[in-house]
Amino acid sequence: MTRGASGLMGLTEHRDLRSGETVWEPGKTAPGDPLPETVDIAIVGGGIVAATLAERFASLGRSVAVIDRREPAHGSTAASTAQVMCAMDTPLGELVSRKGEAQAAQIWRRVQDAVANFSARIDALGIACEKQQVPTLCLEGDVLDASALEQEGALRRSHGLPYAFLTAEQSAERFGISPRAGLVCDIDFEVDPAALTLGLFAKARAHHATITFPADVVALHAGDATARLDLADGRSLEARDVILATGYERPLLFLPPAFSLLSTFVIATAPGVAQPNEREAMIWEAADPYLYVRADRDGRIIAGGEDIEADSASRRDALMDVKSGAILAQLHRLFQREDIEIERRWSAAFGSSPDSLPAIGAAANLPRTWMAYGYGGNGIAFAALAAEILEGLITGKGDGDAAAFSPYRFA
């Protein structure tokens, strides 16, 4: 006897995930592989989370099949901020009020460790993804003013987290911005997210993983020994375990409604616009609405924010002119420059959660089924975290922090 889950629209939502032209367009990829009959691990999804999981489990000697309706890295991954950072959208002080100081601090340390481990893994694998160390600077705003930001920094340092407080004058001198107090972390790094995703998939393929696309999974059935995935074209695959990593196309029968969707907006200048000191940090604000700014190695200034609580692509796209203009005006104020102009712009779906933490763990309503959803504003770091946690859970070693990231922690 089996238990199954399916719907008229398939296993997951179908969405227009992004519009416009991003900086990290992946281009054409190698042809997809034939669908195998049986594997140890089937991963549904083709973005950074799926790639990180595929490389991890394939390197452990597990047979892995990746299945997605798009080419790899052609969904939300290319619209990423491309900064891999330890900090989360919810300040540590706020997380303490939700979960207590011991658990909140452990969550922050675990994410920091996942970022450090992932950095080392990318280097060891030799993936060419324009990786370089870039500090993160969090500026005072209406969520945390200068005094609150200084207290937040002291709290983080008391738990071994590497954040230094900068006065407004120190931030202005180091980063060439209008004076505002900030917290700086010097161990974060940036990547080309599309190149990283494709590089991780290439490493997984080197360990005999398969990547099948376009392939739309429409139903999932789990029995005592295996799970079966049914595709829209009639093909099927048997797997010992199934990981759902479909990004912002949610599996509504599995992922709780607390994990919701927003829309976000980004602009980019032409190459060579960023001045030398403007390339030295990923800057973001402790504010609502927030602004984040970074420069790539070609000297493009990339800035985003202005999120809206709507997951409609048509509404998102209709606001692109207004939101792009608002982000540009904030850039002019931050850098005190009026010569910054937009070359590219895009909008995209974006996932959120009440505590800005991801959904990682077993599905409650179907055995042999797992979820890895990097909702909460730090997707690449959460991809690395998901690989660590699910390795522990699926291999039976366990993970002492898994409960903190359970998809059902809000029940």
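## Basis of the model

In this predicted model, local features need pLDDT of at least 70 and side-chain atom pairs count only at pLDDT 80 or more, while totals for chains, interfaces and linings use all residues. Residues are numbered from 1 along each chain as its sequence is written, and side-chain values use heavy atoms, with hydrogens and water left out.

## Overall form

The protein chain contains nine helices and 21 strands (DSSP runs, H or I of at least four residues for helices and E of at least two for strands, numbered from the N terminus). Its C-alpha trace spans about 65 × 45 × 40 Å along the principal axes.

Of the contacts with a separation of 6 or more, 76% join residues 24 or more positions apart; contact means heavy atoms within 4.5 Å.

## Burial and surface

Of the 411 residues, 60% count as buried, that is, under 20% relative accessible area with a 1.4 Å probe, protein chains only. The accessible surface (Shrake-Rupley method, 1.4 Å probe) comes to about 15600 Å², and carbon and sulfur atoms contribute 50% of this area.

## An antiparallel sheet

Three strands form an open antiparallel sheet in the order E5-E10-E6. Strands E5 (83-84) and E6 (132-133) are the edges, each pairing on one side only; pairing requires at least two DSSP bridges between two strands. E6 and E10 (residues 189-190) pair over two bridges, and Gln132 has Glu190 in E10 as its bridge partner.

Definitions and conventions
Buried means under 20% relative accessible area, exposed over 50%, partly exposed in between (1.4 Å probe, protein chains only).
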